[in-house]
Amino acid sequence: FFPSESGKDYTPTRYLTPFMDMKDRFTVFSNLDHPGVKGGHAAVHAFLSGVLANEAKDRPGRNVSIDQMAADYVGSDTRYSSLQLDIGGAKAIKSWTRISWTRNGVPAPPITDLRQVFDGLFQETSESQKKRLARSNKLNSSILDVVMDDAALLKKRLNPSDLNKLDEYFTSIREVEKRLNMSEEWLHTAKPVVDYKLPDPMPIYFVEKVPLYYDLIKLALQTDSTRVVSYAVSEWDGPSGIEGVDQGYHTLTHHGRDETRLSQLRKVEDFLVESHAEFVRSLDTVQVEGGRSLLDQTMVLSGAGMGNASSHSNVKLPLMLAGGGFKHGEHKVYSSNESLKTPACNLYVSMLQRFGLEVDQFGTSTGTLANFS
């Protein structure tokens with residue numbers, strides 16, 4: 001993944017080659033990771049937060065991930081403050097693959113069904129369903145009112161430690177209320193009409209599903225149905241559809257330098273990077289206001305929670321950022337010296353600021369990312 005040279009005049013590696021026709025639209029970063037985060041698979045969930053869930057209890061914002069931080073900022077401006085997607089399928093998703101976390105330290109569950117994503121974005125809700133949802137929202141609001149009243153009485157009898165726990169609980173309640181109000185606000189707003197249909201019957205192969213997820217992500221952004229999307233490739237259910245690949249992605253990443261597995265892994269990753277490059281390229285073809293492209297207005301972060309899955313290493317994460325109006329075109333290499341390392345969360349601070357948040361700290365950050373704007 002990583003080029004040998006730094007700066008603008010680097011030689012593209014195998015996995016960067018599909019992007020090179022738009023070299024000035026993305027940046028590759030070397031030696032960025034999350035200080036103190038280790039544990040192989042058990043640490044992958046910290047990819048977008050920089051903080052392990054079991055070490056986040058006493059931190060402000062717990063281990064909130066960058067996408068959910070941005071989603072809180074968006075609020076009810078869009079139908080969905082964020083979308084969490086995972087192609088793995090419900091059976092393939094493990095707890096350690098959850099990459100989206102709320103500020104209460106709770107993993108945001110991903111959607112694993114393409115039809116559910118499409119219907120939520122573009123399928124108009126029937127009147128009977130709207131009435132049912134409205135009744136459900138009203139009932140849930142009534143229950144929350146009772147809970148809040150009881151909690152207010154309980155608050156008078158608690159010690160400082162228990163008060164802190166209750167405050168966390170109040171925060172959770174307020175988030176639920178916020179989501180209910182958002183649902184009510186958008187319940188009677190017509191969904192956008194798009195000239196797009198999912199195939200019928202739905203495909204069974206991984207290689208057929210990946211482009212469809214990218215199609216729906218682009219349409220969700222293009223119609224302003226959401227401004228924040230996380231998308232994980234954790235594994236796949238059923239056959240991959242890649243010729244010459246007869247083992248699962250997870251199994252192949254634990255190759256142990258076995259050439260048979262490495263050969264199959266290259267085929268999988270060739271497909272993944274080519275699909276991602278095509279998605280980034282497609283964003284650049286969508287024109288928005290002011291003569292800019294959707295890519296100009298969209299930050300596309302891609303990478304992984306392990307730098308080397310075979311050895312379970314969580315350092316030197318492969319990270320690439322495309323679009324978003326940044327000055328791109330380089331391979332930026334930061335210090336590999338342990339005492340001088342730059343946290344990946346510095347990049348996340350720069351992204352959050354570009355998104356509009358007035359923040360100067362996120363996760364394990366020490367500031368914004370140097371030499372990148």
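Mentor: Of the protein's 373 residues, 47% count as buried. Buried means under 20% relative accessible area, exposed means over 50%, and partly exposed lies in between (1.4 Å probe, protein chains only). This is a predicted model, where local features need pLDDT of at least 70, side-chain atom pairs count only at pLDDT 80 or more, and totals for chains, interfaces and linings use all residues. Residues are numbered from 1 along each chain as its sequence is written, and side-chain values use heavy atoms, leaving out hydrogens and water.

The protein has 8 helices and 6 strands. These are DSSP runs, numbered from the N terminus: helices are H or I with at least four residues, strands are E with at least two. From the N terminus on, the order is β-α-β-α-α-α-α-β-α-α-β-β-β-α.

Now the close look. Two packed helices are described by the angle between their axes and the distance between the axes. Here the pair is H1 (residues 66–74) and H8 (residues 344–355). They pack at an angle of about 20°, and their axes are 11 Å apart. Axes are lines fitted to C-alpha atoms, for helices over the stretch in contact; angles run from 0 to 180 degrees between N-to-C directions. H1 and H8 are therefore roughly parallel to each other. That label covers angles under 35 degrees; over 145 is roughly antiparallel, 65 to 115 roughly perpendicular, and the rest oblique.

Which residues meet? H1 brings Ile66, Met69, Ala70, Tyr73 and Val74. H8 brings Tyr348, Met351, Leu352 and Phe355. Contact means heavy atoms within 4.5 Å. By class, the contact of H1 with H8 has 9 nonpolar, no polar and no charged residues. Ala, Val, Leu, Ile, Met, Phe, Trp, Tyr, Cys and Pro count as nonpolar; Asp, Glu, Lys and Arg count as charged; the others, Gly among them, count as polar.

Next, the segments beside these helices. Asparagine 31 sits in the loop between strand E1 (26–30) and H1. Its phi is near 70°, a positive value in a residue other than glycine. At 11% relative accessibility, asparagine 31 counts as buried. Asparagine 371 lies in the segment after H8. Phi of asparagine 371 is near 60°, also positive in a residue other than glycine. Asparagine 371 is exposed, with a relative accessible area of 68%.
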